[in-house]
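Let's take a friendly walk through a protein model, one feature at a time. Keep the structure open beside you as you read.

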Amino acid sequence: SKDPLVIFTPSGKRGRFARGTPILTAARQLGVDLDSVCGGRGICSKCQVTPSYGEFSKHGVTVADDALSEWNAVEERYQQKRGLKPGRRLGCQATVQGDVVIDVPPESQVHRQVVRKAASARAITMDPATRLYFVEVQEPDMHEPTGDLERLERALGEQWEIGEITADLSVLGKLQPTLRKGKWQVTVALYHDHTGGPARLIDIWPGLHEGGIYGLAIDLGSTTIAGHLCNLDTGEVLASSGLMNPQIRFGEDLMSRVSYAMMNPGGDAEMTRTVREALNALAQELADEASIDATLICEITLVCNPVMHHLALGIDPVELGQAPFALATSDSLSLPARELDMTAINPRARTYVLPCIAGHVGADAAAVALSEEPDKSEDLVLVCDVGTNAEILLGNKTRVLACSSPTGPAFEGAQISSGQRAAPGAIERIEIDPATKEPRFRVIGVELWSDEDGFDAAVAETGITGICGSGIIEAVAEMRMAGLLDPSGLIGSAAQTGTPRCVADGRTHSYVIHDGTAEGGPLISVTQGDIRAIQLAKSALYAGARLLMDEMGVDRVDRVVLAGAFGAHISPKHAMVLGMIPDVPLDRVTSAGNAAGTGARIALHNVAARAAIEKTVREITKVETAIEPKFQEHFVAANAIPHATDPFPELSA
Ligand code: FES
């Protein structure tokens, strides 16, 4: 009679296999994605499957209860030691005895899909460069005088089809004691990226290493440094955090940092040291938050603008301060993290730096492209990543343009009188009643509006400390809609606006959002200076977008994606009221959160994505804002709120 039929779900892959074939073997032969770290030895439990019994009309088969082998000793032992969920079997131990339908649960898939944070986003497929392998190495003997590393390499070849491996001196020193301690069973972490070449031995542990390995995806911005600590096996984000870039003391924006390097001998090295210290501190903070040993961080992906790129790499950014803005290199880089003085993490960890697009358009823009994929879009999409520099992409399947625009740090809450980064205590949403001119607001970390019952108690712990970037955007737009601001951005007096919240402030006026001074707290208001800073920022962003539209020969785009420097949720309506973005139907404006950070996370988890973005970057057309006279024209025209030149039909509707 025929061999039993084995059907895997959810892939639907099927085939006939001889009785006694392990499920893991059948899965491999059919190309079914079933994980295994221990290579079928019944110790890692990565291969768990759920067999189904009964009728399967969809597949036209009937399976009996005894379609799989009974539990064997290995499975019994595993069950006793750690337990298996009901209905689960170890795929490497259970063998085929009859027709059977086998479900592979998501956590048992190697290329599992990781959900991204933004609702609209596609999942990330796990295919990391650094992976763990459990391996049994042959003991040395007098007749076979090969070294331990060579026997490890041979074992990896036989058990995992890994080719050549290379090992640093620092790990070579651990090799012999670890092999002996593990009784010739060890787990190794190997780094193997898309550039080919030998796999690098990153670390080695005795026996089965169950502590996992981790990676850091870092978005190094001029104002904020954001990092995600991710499990390299599951893709899970264990901790996310951000800190202010301590280089701010050398200058708020990029050009002032380049000038610092030009004016002060050794200034570039000083800034390099400062940012590397911050990267180490961030790595340690994230590891502590996730309660993992920081030396288990085996890989970093880094995205940043060109000036930060050079400063992090220890390259003097002076050439980036003047035309033609030549980069030391625009290619991606793969290098040991210790060359960046990353001492807090695994000493052999690798760093992948995404490619830069041009001298003014950095690896952060490349990361945004990787995350938002304008090059795969059917319709014309404008992607704006709003930070101290805005990275702007415009394009579709046929063509993608990119530029960067110097918005300044106002959108991140810097240079704003009550500004702060997005953290608990910061006002993130504001509404102003057009009749009473009274504000109500929400604070990060509190689920209530300020006029709801229980708000005071809920906010007691963090206090109300300032306004973050998304809060200031909403505040300015709401002030305009409530008639507190004229189109040129001038705040009215109490007499003009009819609210005592508009107070005199020198020769101008401020609007008071929250006065906590009675309780020793801060006075949070929007000053005329704040409005001017936001006007400059939004004009720069809009002018950049317009310049790309000119270049593309269009005066409308089909949709807009707003991405924030630190996951800030910019409200589409307020962005449009402010005139940050061109006019499109409101439902065609979406938020992508921290797209550059997501791009860094995609590159961390998927090596093929690295190759893909390197190719995409080569095909993107770069547009230089700094030398383009039309940029200045658009910039000036965009200063009013929303602004004076372009029609905003969607806004009036
Ligand atoms: Fe490791 Fe089955 S493959 S337990």
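A residue counts as buried when its relative accessible area is under 20%, as exposed when that area is over 50%, and as partly exposed in between. With that cut-off, Asp583 is buried, at 5% relative accessibility. Please keep in mind that this is a predicted model.

**Domains**

The domain assignment divides the chain into domain 1 (5-108), domain 2 (113-206), domain 3 (214-353), domain 4 (363-409 + 533-644) and domain 5 (418-526). Taken over C-alpha atoms, the centres of domain 3 and domain 5 are 34 Å apart.

**An open sheet of 5 strands**

Look for the strands in the order E2-E1-E7-E3-E6, which make up an open sheet with mixed pairing. Which strands stand at the edges? They are strand E2 (14-16) and strand E6 (89-90); each has a single partner strand, so one side of each is left without a neighbour in the sheet. Strand E3 (residues 48-52) and E6 run antiparallel and are joined by 2 bridges. Here Val49 stands opposite Arg89 in E6. Helix H1 (residues 23-30) packs on this sheet, where it touches strand E1 (5-9), E2, E3 and strand E7 (100-103). The direction of H1 makes about 75° with that of E1.

**An open sheet of 4 strands**

Another open sheet has the order E10-E12-E13-E11, again with mixed pairing. Its edges are strand E10 (130-136) and strand E11 (165-167), and each of them has a single partner strand, so one side of each is left without a neighbour in the sheet. From one strand to the next, the twist averages 40°. E10 runs antiparallel to strand E12 (residues 185-191), and 7 bridges join the two. Helix H3 (residues 148-160) lies across E10, E11, E12 and strand E13 (199-206), and runs at about 100° to E10.

**Salt bridges**

Side chains of opposite charge can pair when their charged atoms come close. How many salt bridges does the structure hold? There are 27 salt bridges, and the table shows some of them.

| Salt bridge | N to O distance |
|---|---|
| Glu136 and Arg41 | 2.2 Å |
| Asp203 and Arg348 | 3.4 Å |
| Arg556 and Asp583 | 3.4 Å |

Glu136 in strand E10 and Arg41 in the loop between H1 and E3 are 95 residues apart. Glu136 is partly exposed, with a relative accessible area of 34%.

Asp203 lies in strand E13, and Arg348 in the loop between strand E18 (333-336) and strand E19 (350-353), so the pair ties together parts that are 145 residues apart in sequence. Asp203 is buried at 5% relative accessibility, and Arg348 is buried at 7%.

Arg556, in the loop between helix H12 (528-552) and strand E29 (559-564), is 27 residues apart from Asp583, in the loop between helix H13 (572-578) and strand E30 (589-593). Arg556 is partly exposed, at 38%, whereas Asp583 is buried, at 5%.

Salt bridges can also form a network, and one links Lys85, Arg88 and Glu107.

**Cysteines**

The structure holds 0 disulfides. Cys298 is buried, with 0% relative accessibility. Cys356 is in no disulfide either, and its nearest cysteine sulfur, that of Cys304, is 6.7 Å away. Cys356 is buried too, with a relative accessible area of 2%.

Methods. Residues numbered from 1 in each chain as written. Predicted model: local features only at pLDDT ≥ 70, side-chain atom pairs only at ≥ 80, totals over all residues. Heavy atoms only, no water. Pairing = 2+ DSSP bridges. Axes fitted to C-alpha atoms, helices over the stretch in contact; angles between N-to-C directions. Contact = heavy atoms within 4.5 Å. Disulfide = S-S within 2.5 Å. Buried < 20%, exposed > 50% of the residue type's maximum accessible area, 1.4 Å probe, protein only. Domains from an automatic or database assignment. Salt bridge = Lys/Arg side-chain N within 4 Å of Asp/Glu carboxyl O.
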